[in-house]
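The following exercises are meant to be worked through with the sequence and the model in view. Each task is followed by a solution in steps.

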Amino acid sequence: MIYTEAELKEKIHEMLKDFETEVVEFKEANNSYSFKDIGKYFSALGNEANIRGKSEGWLIFGITNKGEFKGTDYRKSGNLQSLKKEITTGTNERLTFLDIYELTMEKCRIVAFQIPPAIPGIPTTWNGAAWAREHESLVPLPMNKVDLIRSQVGMDWSKEIVKDATMDDLDPEAVAYARKMFSQKQENRSQAKEILSGLSDIEVLNKAGICFKGKITRTALLLLGKKESAFYFDGFTPRITWTLYNADKTVKAYEHFDMPFLLAVDKVYAKIRNEKYRYIAEQQTLFPEEVQQYDADLVKEIINNCIAHSDYRRHGKINVEEFEDHLVFINEGSFIPETIEKALEPGYKPPYYRNAFLCNAMVNMYMIDTNSMGIPMIYNIQKARCFPLPTYDLDVVNRVSVTVFGKVLDKNYTRLLHSNGSLDLKTVFLLDQVQKRKTISKDDYKILRKSGLVEGRYPALYVSYKIAEAVGDKAGYVRNKGLDEKILKELIISALRNGPLKKADIYEAIKHAFPDVLTEEKQYKKLSNLLQKMKKEGIVDVRGSAVHAEWFLIQ
């Protein structure tokens, strides 16, 4: 938890009574203190907190190791809070302080560092070494303590049973919707029918990995819990907040969306003003006149990923911020791939899932993809729309901020993507960095320069329009390529996630993705061929015949 000043003073008095347990260290730190030693204590106190099942460790300046109030001038002139970012340069997992407090006690200035426990299964290290407390000394983390922490690999916050919670704490509408979505996961109609009507609610939720052995988990409450069931989270209310800002960045409107999250995603999306946007007025031959500012699948994918990967132990909320021409999605928790480049590598798999039980349940509800394709998918959607790629801001420690643009930033970038649909995602990512005035490596610059995709003097680059300009006079490039087959499949899967559809309904949902040069008849034929291909691949199936035929997901 984050403490008020009054709560922290009471906490410090309690710690002084027990005096220097293995998770608390008092230091006089009169004027200064070694940054290296702060890092060692961060490691040691975090590891000890983990082993002892504590939610935090404490390093406190201004109180001696005999419990005397002396006060401290450590960073009194400023830059105290910057330690949160500085400490991440030496810690693994980019760990940092839960908070740093500055307060007055006994007429003395006190500085208190609140340290998070080591991540289950991963000892906290400082510059590659793990530390521990041994009475008043710092020592390398002993092997028996290393084994204790590593043995926790299977621990998962989202899987923990919520004592005293029952099915009465779940929202009936959310439970019914969960049954419907999970039935679509079944391999045949008899299994789907059993999920829909043959099993009790708790049996279905067990099978779907939402409950565990008939018990209500934190995952069950997050996805299906009634709003009033938030009290089970000890003062923390899982929440998604949508905020609409004026042009001057003052708040125009806001709304909170609490549990159940399974139903909240569509409600949040419905609040967003998804207006029509004209690409480039003077370039009518290359672009359709208008498109939606934001792709629905992209927005929902990002919100679902915020739900799946938030670090709920930090008691933060998910924020969806809407501005005139862009959206910002913010959730608490470190970015597990560490860099966006790593997440875009072909075949990338995360080293672990923060909320493995929750992620599995969301896969079964068709909320997220099980193969870590979320980020490449949303990038491909924006690439196909010739819009800027989402920007991941990881500058704030233990927070991920994603910006999605609903407008063109650089006409040359947009024209280039539209005229050259064969560009791979890595190249598009680099071009996107260039249009946003980000510095790319010299090696990447040389590759783009050799291909004639950028101009300028390194590092002040800009996207070249020469290729797009040459193509711009050819009528054959009027939306001639459409979206590639992989994205079309994703759109069909997304359309079917809410239940079976007739082919005509599927066509209406995805027709914007077909090339304009194809007649409606040819577009419809292309859809028929793609559905048959997906059927052979075991992705979809059809029941009924002729005009009554309905397509549905089988995995």
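**Exercise 1. Domains**

What distance separates the centres of domain 2 and domain 4, taken over C-alpha atoms?

Solution. The structure is a predicted model, in which local features need pLDDT of at least 70 and side-chain atom pairs count only at pLDDT 80 or more, while totals for chains, interfaces and linings use all residues. Residues are numbered from 1 along each chain as its sequence is written, and side-chain values use heavy atoms, with hydrogens and water left out.
Step 1: locate the two domains. Domain bounds come from an automatic or database domain assignment, which places domain 2 at 159-232 and domain 4 at 425-472.
Step 2: take the centres over C-alpha atoms; 49 Å separate them.

**Exercise 2. Helix α12**

State why helix α12 is described as largely enclosed, and identify the helices that its buried residues pack against.

Solution. 
Step 1: find the helix. Helices (H or I, at least four residues) and strands (E, at least two) are DSSP runs, numbered from the N terminus; α12 covers residues 356-364.
Step 2: apply the burial rule. Buried means under 20% relative accessible area, exposed over 50%, and partly exposed in between, with a 1.4 Å probe and protein chains only. Phe357, Leu358, Cys359, Ala361, Met362, Val363 and Asn364 are buried.
Step 3: conclude. Seven of the nine residues are buried, so the rest of the structure largely encloses α12.
Step 4: list the partners. With contact meaning heavy atoms within 4.5 Å, the buried residues of α12 pack against α5 (172-183), α8 (218-224) and α10 (296-309).
Step 5: look just beyond the helix, where Tyr366 has a positive phi of about 60°.

**Exercise 3. An aromatic pair**

Classify the ring pair formed by Phe35 and Trp126.

Solution. 
Step 1: recall the rule. Rings of Phe, Tyr and Trp (its six-membered ring) pair if their centres lie within 6.5 Å; planes under 30 degrees apart count as stacked, over 60 as edge-to-face and the rest as tilted. The count by this rule is 20 aromatic pairs.
Step 2: apply the rule. The ring centres of Phe35 and Trp126 are 5.5 Å apart and the planes stand at 80°, so this pair is edge-to-face.
Step 3: Phe35 belongs to helix α2 (residues 35-51) and Trp126 to strand β5 (residues 125-126), so that the pair links distant parts of the chain, 91 residues apart.
Step 4: compare accessibility. Phe35 counts as partly exposed at 30% relative accessibility, whereas Trp126, at 5%, counts as buried.
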